[in-house]
Amino acid sequence: MRFSQYLVTTSKEASREAECVSHQLMLRAGLIMKFAAGIYSYLPMGYRVLARITCIIEEEMERIGAQRLLLPFIQPAELWKKSGRWESWGEELVRFKDRKGADFVLGPTHEEVITQLIEQQINSYKKLPVIVYQVQAKFRDEPRARGGVIRAREFLMKDAYSFCQSKEEAKAIYEKMKEAYKRVFSRCLLDYRLVEADTGTMGGEFSHEFIILTDSGEDRIVECEKCGYVAKLERAVCITDEAEKGERQPVKEVSTPGIRTIKELSHFLACQEKKTLKTIFYETDKGLIAVLVRGDHYVNEEKLRLLLKAKELKLASDNLTRKEIGAEIGFIGPVGLDRNKLVVDNTVMQGKNFVTGANKKDVHLINVNPNRDFKPTLTGDIRFPVLGDSCPLCGNETKIKRAIELGQIFHLGEGYSSSLGATFLDKMGKEKYFIMGCYGIGVSRLLAAVIEQNYDKDGIIWPKEIAPFQAVVIATSPDTARAAEGTYLRLKKAGIDTLWDDRDVSAGIKFSDADLLGIPFKVILGNIFLKEDKIEIKTRRRGEKEKVGRNGISQRVKELIKDAE
């Protein structure tokens, strides 16, 4: 391919809207073009990388026996209503009516559609297990698209689905998929972590995420650098401190006019936020509950839901709380809440002499103690970790780091098959629900993830398997242009995917653009070629140079590609 004919425009300056390194470099290198918030076109150079990543995924899926198909992007709402996700997905799910008034959605994922397809295609255990997958555009109306393609509204995703006759069979495929993902990410030269994750809106029994650590990430993980423990922030186990020492003091009321927030309260009373308590009310399918955490902690609603074994959980409105408690928001505390179910975080139970609301306007209580002044209905780990928490495995201090999610795998069980009535006949002729799993990789997000871990001050450094071109031929003067064309044709004939920079621009611009684009090898015909009849090869990743005769150039580039990362 000739550079002069290629649809690519590079830039020296980073866009002001670009928030992270990958976004800046993708725009500068002409890989993507923005059309609206979270919606991008992939230009030829970017699409070549997408295609190579897709090829790696396809190879690894085929290796474990997965079959590729293509499902409809537009999905009937009826399926989503049957599965219960029509309401639970909220505003991220784009709903619309066709001209006949029927409800449809833009596909954010395909569990419902694939379950119906398999139910119609498979009716016997003899055809199980089966794994199918697709690579397709998805749309989720993210409230805050950011980071370029890291958090886009429209994105390319590989989603796979497994259907089995038993939990043992399903777990075996889950492990196969986990190993396949490891190979995909390793081939993309990513330094990844595998962490336990919440099942979220997908549902299911358990899940794992593959993530990379980067300052541009929007996810948070907890990591212990001593023993290697790592978990998503929402899944991390919070270890309870040792019981606080000292005497329990008598409860006293203090006037706190207009003091409603933890920050204001700690400043007003000159106490640490960890010596205050927050009382928060939630509506659940089991009724209204009060939840108590320390002032410096936040309620983890997923942990709370699991502890309560609740199907529904949402923050109670201020009006409902006022009606139930008869107190002003900002002044509510646990003392006297005997008629309400009180769920208390473990850390609270180890403390003494807290400050809480007095259930009276402009009044707080000091020296409030658990088990003496209030008694919990239920206790447990219901908070998010904070900086300095102890590792649940070794007790060392943990750190909270930013991360990008690369992919997630779910053991779904019978959730979708039972709600959608998808069954098969087992060996005994008995009707059973399929045991399902689903497995996603953000294909377009991988471009950004790879760049976040493979770049320098000059631009992108693509791994060899996903680089848009393996080599670029550069002539530094008109005197070497003809020889450069011959070298380009020789490399192409040898099966090396090569770009020929035939533009009428300076050698400096050619070198800068080659580095920005991240092409692994520069094949240079310059002064050394004129003086010694030698062609220079420069490696992008290590910056190493060597000289090769023109007759040996194809073989040497092949050898370098084979040995490259």
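**Close-up 1. Ser216 and the residues it touches.** Not counting residues up to four places away in sequence, Ser216 touches Cys20, Val21, Arg146 and Glu452 in this predicted model. With Glu452 there is also a polar contact, made between the side chain of Ser216 and the side chain of Glu452 at 3.1 Å. Ser216 is found in the loop between β10 (206-213) and β11 (219-223), and because its relative accessibility is 12%, under the 20% limit, this loop residue counts as buried.

**Close-up 2. Thr321 within helix α9.** Helix α9, which covers residues 318-325, holds Thr321. The relative accessible area of Thr321 is 5%, so this residue is buried. When its neighbours within four places in sequence are left aside, Thr321 is in contact with Phe281, Ala316, Gly326, Ile329 and Ile332.

**Close-up 3. The cis peptide bond at Pro129.** The peptide bond that runs from Leu128 to Pro129 is cis, and its omega is near 0°. Pro129 itself lies in the loop between α5 (111-121) and β7 (130-139).

**Close-up 4. Lys309, a loop residue with positive phi.** For Lys309, a residue other than glycine, phi has a positive value near 55°. Lys309 belongs to the loop between α8 (301-308) and β16 (313-315). Is this lysine, Lys309, buried or exposed? Its relative accessible area is 70%, and since the exposed class begins over 50%, Lys309 is exposed.

**Close-up 5. Asn353, a loop residue with positive phi.** Phi of Asn353 is near 55°, again a positive value in a residue other than glycine. The loop that holds Asn353 lies between α10 (346-349) and β18 (354-360). Asn353 counts as buried because its relative accessibility is 18%, which falls under the 20% limit.

**Close-up 6. A nonpolar surface patch that includes Phe96.** Phe73, Ile74 and Phe96 together make a nonpolar surface patch of about 220 Å².

How values were computed: Residues numbered from 1 in each chain as written. Predicted model: local features only at pLDDT ≥ 70, side-chain atom pairs only at ≥ 80, totals over all residues. Heavy atoms only, no water. Helix = DSSP H or I, 4+ residues; strand = E, 2+ residues; numbered from the N terminus. Buried < 20%, exposed > 50% of the residue type's maximum accessible area, 1.4 Å probe, protein only. Contact = heavy atoms within 4.5 Å. Polar contact = N/O pair within 3.5 Å; in protein donor to acceptor, adjacent residues only side chain to side chain. Patch = residues over 30% accessible without salt bridge, like charges linked within 9 Å, V, L, I, M, F, W, Y side chains within 5 Å. Areas by Shrake-Rupley, 256 points an atom, 1.4 Å probe, with all protein chains shown as cover. Salt bridge = Lys/Arg side-chain N within 4 Å of Asp/Glu carboxyl O.
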